[in-house]
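Here are a few exercises to work through with the model open beside you. Try each task before you read its solution.

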Amino acid sequence: MDNQGSKRRSVPGAQSVARAARLLRLVTSAGDDGVPVAELARRAELTRPTTHRLLTALQHEGLVDQDDRSGLWMPGPELFLMGSVAASRYDITGIARDIVRSLAVRTEESAFLSVRRGDETVCLLREEGSFPIRSFVLSEGVRFPLGVASAGLAILAFLPPHDVDAYFERHPGLADEWGAPHSETRLRGRLRDTQERGYAVNSGLIVEGSYGVGAAVFSREGHPQWALSLTGVEFRFGPDRLPELGRTLLAHAHQLTTRIAAAR
């Protein structure tokens with residue numbers, strides 16, 4: 001049992017806050033499509049009555065909303081207001097957008113900016129490349145655990161070793177949810193490859209035939225807080241082209257890291 005988890009459980013009300021936060025993340029990841037209460041209960045590993053009770057409390061505060069006709073749950077208006085305030089401190093999309101666009105133009109692949117949020121990455125920006133066949137694994141608002149998509153793999157690879165160890169302690173079931181290639185042993189091997197190469201490669205481990213490469217973007221303090229990534233179909237990421245994509249990706253990631261250091 002990690003110390004952080006013990007501290008959370010020792011704080012009165014921490015369990016309810018954690019459950020509500022989990023539901024908020026699930027609702028926001030669905031975006032305008034909405035999500036039914038049964039699906040939320042299943043994914044949050046809660047009973048349906050508990051899920052409905054928490055959603056009702058969040059709705060009362062304006063954090064979630066329920067469509068009158070479909071009954072689906074969606075993000076509430078208060079989240080927009082909170083996000084607008086937080087954006088001034090945490091949002092780098094304004095200074096990153098032209099870099100993401102340049103990456104898409106240079107490579108002709110779909111380019112993305114993702115941010116680390118706890119043990120996950122969240123996609124913030126997507127820019128389509130000109131190549132007509134595309135991968136649709138990633139889009140704005142989509143979350144993945146660290147180490148699953150190429151962006152999270154790049155971030156996890158450059159965290160301090162004790163943080164990586166703690167991550168695996170908190171998530172022993174990655175292989176159960178994402179498949180055998182995400183066992184700790186195999187994932188640690190990809191982390192070592194990422195450190196040596198400088199960028200991460202996801203060779204169709206989420207969707208067969210859909211490849212991704214990712215490079216970490218660092219804060220002024222040197223923490224891997226964001227990542228740039230590219231996704232596309234398998235034949236576009238072969239050994240003859242992959243090094244070129246990696247160099248281009250790393251150059252853009254370095255450019256964004258430098259820009260963040262100057263702006264923040």
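The exercises below go from the whole chain to its strands and then to its cores.

This is a predicted model, in which local features need pLDDT of at least 70, side-chain atom pairs count only at pLDDT 80 or more, and totals for chains, interfaces and linings use all residues. Residues are numbered from 1 along each chain as its sequence is written, and side-chain values use heavy atoms, with hydrogens and water left out.

**Exercise 1.** Work out how many helices and strands the chain has, and what share of its residues is buried.

Solution. Start with the DSSP runs (helices are H or I, at least four residues; strands are E, at least two; both are numbered from the N terminus). They give 11 helices and 8 strands. Next, take burial, meaning under 20% relative accessible area with a 1.4 Å probe, protein chains only. Of the 264 residues, 44% are buried.

**Exercise 2.** Find the strands that pair with strand 7, and say why strand 7 counts as largely enclosed.

Solution. Two strands pair if DSSP finds at least two bridges between them. On one side of the count, strand 6 (residues 200-203) runs antiparallel to strand 7 and is joined to it by 4 bridges. Strand 8 (residues 224-233) is also antiparallel to strand 7, with 9 bridges. Now follow Val 213: its bridge partners are Val 201 and, in strand 8, Leu 230. Then check the hairpins. Between strands 6 and 7 there are 6 residues, and Gly 204 has a positive phi near 70°; between strands 7 and 8 there are 5, and Gly 222 has a positive phi near 90°. Finally, 8 of the 9 residues of strand 7 (residues 210-218) are buried, so the rest of the structure largely encloses it.

**Exercise 3.** Identify the residues that touch the most other members of the largest nonpolar core, and the element that supplies its largest share.

Solution. A nonpolar core is a set of buried Ala, Val, Leu, Ile, Met, Phe, Trp, Tyr and Cys residues joined through side-chain atoms within 4.5 Å. Helix 11 (242-263) is among the elements supplying at least two residues, and its 6 are the largest share. Apart from this core lies another, of 17 residues, including Ala 154 and Val 164.

**Exercise 4.** Which residues of helix 8 are buried, and what do they pack against?

Solution. In helix 8 (residues 161-170), they are Val 164, Ala 166, Tyr 167 and Phe 168. They pack against strand 5, helix 7, helix 9 and helix 10.

Conventions:
Buried means under 20% relative accessible area, exposed over 50%, partly exposed in between (1.4 Å probe, protein chains only). Contact means heavy atoms within 4.5 Å.
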